[in-house]
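Colleague: I would like to learn how to read the contacts in a structure. Please take me through one.

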Amino acid sequence: MASLQASSPLLSSSSIVSSSKRINAAISVPKLPRIRFPVPKTPSTNLVEYLILRNGYTNTIPIEKSTVTLPRIDKEPSVNSSTSKATAKLYAILEAVADRVEMHQNMGEQRDNWNKLLLNSINMITLTATTMVGIAATGGAGAPLLALKLSSTLLFTAATGILFIMNKIQPSQLAEEQRNATKLFRQLQRQIQTILAIHDPTELDVRYAMDKVLALDKAYPLPLLGKMIEKFPAKFEPALWWPKPHDFQRKSKRPGKNRWSEELEMEMREVIEVIKGKDTEDYMRLGNLVLKINKILAISGPLLTGIAAAGSAFVGNGSWAAIVAVAAGALATTVNTFEHAGQVGMVVEIYRNCAGFFSLMEESIESSLEETDFDRREDGQMFEMKMALQLGRSLSELRDLAQKSSSSRIDGVEVDEFASKIF
């Protein structure tokens, strides 16, 4: 028993030692190995060269003594400054031309509506006044007769005033002017787009586009007061919408005569003779005739409504007053319908525009033939093709026309056909 008791402290002490060892073994953390993270070496070159190599650029910048000379960022790319300025100006003109197209198109629609609304209103007023005169003449007396007379006289007077203004401005002709302006501005828009697409723009192109815009603004003004085209001139004149002839032709780089020949020059001269003798003369004759008819109609309408107003004021004092008023009112309605529903003013403008078209062709051919420097002329074959297309002919038909004109002049007879197959 004593031995057991004596051994127990030993056991206990040994057990404590062993348990402490187990505890120490359980909670002891092994030492982690030292990990060395590689630090990137500082590049031998400076930071700029390092970034260039890192981004994969093959064209490096030579560096000497940590000094780098880089190109200035604010420098413009190496382009022709005159070409870039001309291009920018042409784009600005192109925006203005697109705005003109929109304005003239809207104005044309508005003035066409004027023609319809004013014609319908005047005819309704005139027919209403004519009906009142007929009712008053059938047996009215006293206050009803006075009311009908006064009402019909006021209506005829109002119709006279409105009709005078309408005949002065000719809304159908105004609408046709704006339609022509829209077409010509769109044509200029396409010409500028072609220059920007296939040529290097120059200041010559800019000047041509500017002069063309200003010439069109002058030929087809938007305002009515002060700048409106005279609708009843003393003499019929063709429309003029192109600038005065200048040296607008870009110089050719083709050696020789720029595809011009004596045969081509003779052909163009014969075409001019046919245009002058047939097409231009015919349109000038028809334009003068239609202008005279329009003048007669423009005077007759207000005159008839004025006579009807005077006759309606004397209804009841005799049968002739009512007859004159009713007959004048009916005739005024007929004349107004023929003039404005038939759009006689529009026909006058069409003839002005067609005569101007042939005048432009004559001037284009003459200016090309007068130019002695072939490099400054348009390409001969291209010029011939343009003339043929504008006249609605093929190249062979255009040459046949020139040959026929030459032989007819030699034989002393007149050419039996017009140059244009379109108008």
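Colleague: With which residue does glutamate 203 form a salt bridge?

Modeller: A salt bridge is a side-chain nitrogen of Lys or Arg within 4 Å of a carboxyl oxygen of Asp or Glu. Here glutamate 203 pairs with lysine 89, and the closest N and O atoms are 3.4 Å apart. Glutamate 203 lies in helix H6 (residues 203-219) and lysine 89 in helix H3 (residues 81-137), so this pair ties together parts 114 residues apart in sequence. Helices here are DSSP runs (H or I, at least four residues), numbered from the N terminus.

A word on the source: this is a predicted model, in which local features need pLDDT of at least 70 and side-chain atom pairs count only at pLDDT 80 or more, while totals for chains, interfaces and linings use all residues. Residues are numbered from 1 along each chain as its sequence is written, and side-chain values use heavy atoms, with hydrogens and water left out.

Colleague: How many salt bridges does a search of the whole structure find?

Modeller: The search finds 19. One of them joins aspartate 217 and arginine 100, at 2.8 Å from N to O. Aspartate 217 is in helix H6 and arginine 100 in helix H3, so parts 117 residues apart in sequence are tied together.

Colleague: Is glutamate 265 buried or exposed?

Modeller: Buried means under 20% relative accessible area, exposed over 50%, and partly exposed in between (1.4 Å probe, protein chains only). Glutamate 265 has 14% and is buried, whereas arginine 269 has 36% and is partly exposed. The two form a salt bridge, with the closest N and O atoms 4.0 Å apart. Both lie in helix H7, four residues apart, about one turn of the helix. Salt bridges link Glu265, Arg269 and Arg377 in a network.

Colleague: Over the face of which residue does arginine 377 lie?

Modeller: A charge sits over a ring if NZ of Lys or CZ of Arg is within 6 Å of the ring centre and within 35 degrees of the ring normal. Arginine 377 lies over tryptophan 260, 4.9 Å from the ring centre.

Colleague: How many aromatic pairs are there?

Modeller: Rings of Phe, Tyr and Trp (its six-membered ring) pair if their centres lie within 6.5 Å; planes under 30 degrees apart count as stacked, over 60 as edge-to-face and the rest as tilted. The count is five. Among them is the tilted pair of tyrosine 283 and tyrosine 351, with 5.8 Å between centres and 55° between planes. Tyrosine 283 is in helix H7 (residues 262-313) and tyrosine 351 in helix H9 (residues 344-370), 68 residues apart.

Note on methods: Helices (H or I, at least four residues) and strands (E, at least two) are DSSP runs, numbered from the N terminus.
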